[in-house]
Amino acid sequence: MRVTISLDELLGDEVRRDPYPFYARLHEAGEAVALRPADPHALVVHGYDAVNRVLRDPVFRVLGADYLDRVGVRWREHQVIRILQSSMLNAAEGDHLRVRHLFSQALTPRRVAALEPAIGRIADGLLDGLAADGADGRPVDFMARFALRLPSDVIGELLGVPEADREWFPSRVRAFDAVLEIGRRSMREVRAANVAAAELTAYFTDLVAARRARPRDDFVSALLRGLDAEPGRLTADELLANLIIMYNAGFRTTANLLGNGLVLLTERPDARDALRADPSLAASYVEEILRYEPPVHFAVRYAAADTEVAGLPVAAGRTVVVLTGAANRDPRRFPDPDRFDPSRTDNRHLAFSAGPHYCFGATLARAEGRLVLPRLLGRFPALAAEPGPRRALMLRGYDRLPVRLADRAPCQTNPIE
Ligand code: HEM
């Protein structure tokens, strides 16, 4: 049955507040639905198999420079868009392979594993700060004080950003991020994103120069060593754009994994207590949080030639909305999909996308979730969250997340014990 919806339904307030009832209705209609002719995209693809195929099928491409030029978007005047377009997120096939290969050589599983003690240290330091802020029972904003700082500090550690500089990043990265959400943005937001893009470019220009002059044991130095072995393989713009994108792609996403995960667990005391009792369960909790409440709900691709999805035609040049957030709740793929069940087996969700643009930082993000959640629950066993609404779909999470702590830090334990 051909079902047509309007993009306004998907982006309306009700769906933004809680998209899952809408996703369930989409699943009843099959694997994809048509959008109205007046909408900018041809289809919404929401079934697990169809989403998985679109993300992997070379006929569907990311909206790179060639696409934006063809549809007449004046993007070159915005530094923030120039950076996005020079990064692997939007690179065309051959360029994407080249850039991703060079960056992957520097982000080895060994480098991520070696980062784990630092992730623990950074988390403990931020938890100390949270404990101090909430010591008198006042609510503390978990996003501002912890979730948004941790991934920024961790990427800083990975890239070799000196500790003293790290507090500088979150506000810039947040301003840069504003252009990633679908829908219209104010000129003020776009201007702020361009300013942040310029500042981040200047920072990384200096950092790259410093590591070229005096290499260290960090990602940027490893990357530069790899580039020296293959001269001319990466332009200066590509190098800077991809360093900036690593900060941005791993920032709000990981913060939302932590915020969304924390709320899920505080709402489910049995699951929370089971994880606290056995931290080795953390890896499967992280997978289920990512399936159940993914920090990213969709991607957009365009068709490079006439094609179809689930029997619905897509003409060359048209775009499709790929709803990974809905695919993660497809009852044809996940039994009882609206149940949070960390003991699920075969939990191959699409929270990190699939195909060539599969998340470059997935191993790092998983390590952050696995190391941080048990620490957080161990430190604040009776933590209570007071979540407000979530509105964004693209990067889905809480802007603010007030929590009340019941700290069991060493200074508060019974001195007689
Ligand atoms: C829970 C945390 C994270 C989630 C849910 C997430 C999700 C995603 C998704 C869905 C994509 C693909 C977008 C598409 O298909 O169009 C992606 C790509 C990417 N992610 Fe992540 N991400 C996370 C953490 C990170 C981290 C920590 C890094 C830092 C290294 C990172 C770096 C990237 C990069 C560079 C890309 C572009 C890859 C490419 O286009 O080839 N991400 N991420």
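## The iron site

Cys359 sits in the loop that runs between helix H18 (324-327) and H19. In this predicted model, that cysteine is the single protein donor to the iron atom of the ligand, with its SG 2.3 Å away.

H19 itself spans residues 362-379, and it turns up again below as one of the packing partners of H8.

## Helix H8

Now for H8, which covers residues 109-133, 25 residues in all. From first C-alpha to last it reaches 35 Å, close to the 36 Å expected at 1.5 Å a residue. There is still a kink in H8, though: about 35° at Glu116, shortly before the proline Pro117.

Which residues of H8 are buried? Arg111, Val112, Leu115, Ala118, Ile119, Gly120, Ile122, Ala123, Leu126, Leu127, Leu130 and Ala131 are. What do they pack against? Among the partners are helices H7 (93-106), H9 (142-147), H10 (149-159) and H13 (219-229). Strand S5 (140-141) is on the list as well, and so is H19.

A search of the whole structure turns up 36 salt bridges. As a general point, side chains of opposite charge can pair when their charged atoms come close.

Take Arg76 and Asp69, whose side chains meet in a salt bridge at 2.9 Å, N to O. Arg74 is exposed, its relative accessible area being 65%.

Glu293 lies in the loop between helix H17 (282-292) and strand S6 (299-303), while Arg390 lies in the loop between strand S10 (384-385) and strand S11 (402-404), so the pair ties together parts that are 97 residues apart in sequence. Both ends are tucked away: Glu293 is buried, with a relative accessible area of 8%, and Arg390 is buried at 12%.

Some salt bridges also share partners, and in that way Glu31, Asp330 and Arg332 are joined into one network.

Note on methods:
Residues are numbered from 1 along each chain as its sequence is written. This is a predicted model: local features need pLDDT of at least 70, side-chain atom pairs count only at pLDDT 80 or more; totals for chains, interfaces and linings use all residues. Side-chain values use heavy atoms; hydrogens and water are left out. A salt bridge is a side-chain nitrogen of Lys or Arg within 4 Å of a carboxyl oxygen of Asp or Glu. Buried means under 20% relative accessible area, exposed over 50%, partly exposed in between (1.4 Å probe, protein chains only). Helices (H or I, at least four residues) and strands (E, at least two) are DSSP runs, numbered from the N terminus. The expected span of a helix is 1.5 Å times one less than its number of residues. The bend at a residue is the angle between axes fitted to the seven residues ending there and the seven starting there. Contact means heavy atoms within 4.5 Å. Donors are N, O and S atoms within 2.8 Å of the metal (3.2 Å for Na, K and Ca); water is not among the atoms, so sites may look incomplete.
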